[in-house]
Amino acid sequence: MDWEKVNEISRKVAGELSRKWPVVELDDVHQEIMLHMMEQRSHLEKLASDFDFLRQVAWRAAKSYASREQQQKDLADGQYFYTPDEVRATLKSFIYTDEELGEMIGRKDDLSRCRISDNITSARIDATTGLRKLKPEYRDAVARTYIYGLPPGSPGEAKTAQRAVDALATAMNAHIRSKARATC
């Protein structure tokens, strides 16, 4: 593998990405890309002469790092964020109409075993927006398991539903962050 060429590709990708994602710095991104390339070298050596492929791998590693850093910053900034447990509770509320939910505010719900507050309305809006961003397989898993309350048919379906909730929490948090940035 031509490590000088890999280093050159990584440096260019790091520069481009660090200009788009202000949460990361060029040297940190470059280091993460090179670390990823070193860890995956046994797989990458087969296509080491395909520089377009290496650039795609570098972009994926860079975006993954930048996304992790952005998520960490978002969690540490003191602004509200949804946890997977809150997402599950919100999804369970989808069996109720808005009118039924309005009558329940302030009371304890037998289904979710929690007190219904007026925050559920904004959570449902964020969940609806987030659901549109999920791939169809995840939307189906969320609906089947958490909205309709059907048991997963296999351990694989259970894992898919769990991953879908995590993806939905990420989408909901991205939505509330974008709303917050738009109002600034």
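**Figure 1. Histidine 30 in helix α2.** Histidine 30 belongs to helix α2, which spans residues 26-39; helices here are DSSP runs of H or I with at least four residues, numbered from the N terminus. The model is predicted, and for this reason local features need a pLDDT of at least 70 and side-chain atom pairs count only at pLDDT 80 or more, while totals for chains, interfaces and linings use all residues. Residues are numbered from 1 along each chain as its sequence is written, and side-chain values use heavy atoms, with hydrogens and water left out. With a relative accessibility of 11%, histidine 30 counts as buried, a term that stands for under 20% relative accessible area, against over 50% for exposed and partly exposed in between, with a 1.4 Å probe and protein chains only. Once residues up to four places away in sequence are set aside, histidine 30 touches Asn7, Ser10, Arg11 and Ala14, where contact means heavy atoms within 4.5 Å.

Figure 2. In helix α5, residues 84-92, the buried residues are Val87, Arg88, Thr90 and Leu91. Viewed down the axis of α5, these buried residues fall within an arc of 160 degrees, so they line one face of the helix; the arc is taken over the directions from the helix axis to the C-beta atoms. The largest nonpolar core has 20 residues, and Val87, Leu91 and Leu168 are those with the most contacts inside it. Such a core is a set of buried Ala, Val, Leu, Ile, Met, Phe, Trp, Tyr and Cys residues joined through side-chain atoms within 4.5 Å. Two or more residues of this core come from each of α5, α7 (119-133), α8 (136-147) and α9 (155-183), and α9 gives the most, with seven residues. Leucine 168 touches Val87, Leu91, Ala127, Gly130, Leu131 and Leu134, not counting residues up to four places away in sequence.

Figure 3. Threonine 160, found in helix α9, is buried with a relative accessible area of 16%, and, leaving aside neighbours within four places in sequence, threonine 160 is in contact with Glu137, Tyr138 and Ala141. Arginine 124 lies in helix α7 and counts as buried at 12% relative accessibility; its C-alpha atom is separated by 9.9 Å from that of alanine 89, 35 residues apart along the chain. Aspartate 74, in helix α4 (residues 51-76), likewise counts as buried, at 14% relative accessibility. Aspartate 74 and alanine 174 are 100 residues apart in sequence, and their C-alpha atoms are 9.4 Å apart in space.

**Figure 4. Lysine side chains over aromatic rings.** The charged end of lysine 5 sits over the ring of phenylalanine 51, at 5.2 Å from its centre, and lysine 135 lies over the face of tyrosine 138, at 4.7 Å from the ring centre. A charge sits over a ring if NZ of Lys or CZ of Arg is within 6 Å of the ring centre and within 35 degrees of the ring normal.

**Figure 5. Confidence along the chain.** The protein chain averages a pLDDT of 83, and 85% of the residues score at least 70; pLDDT is the predictor's confidence in each residue, from 0 to 100. Over residues 109-113 the pLDDT is below 50, and this stretch has eight contacts in the model beyond near neighbours in sequence.
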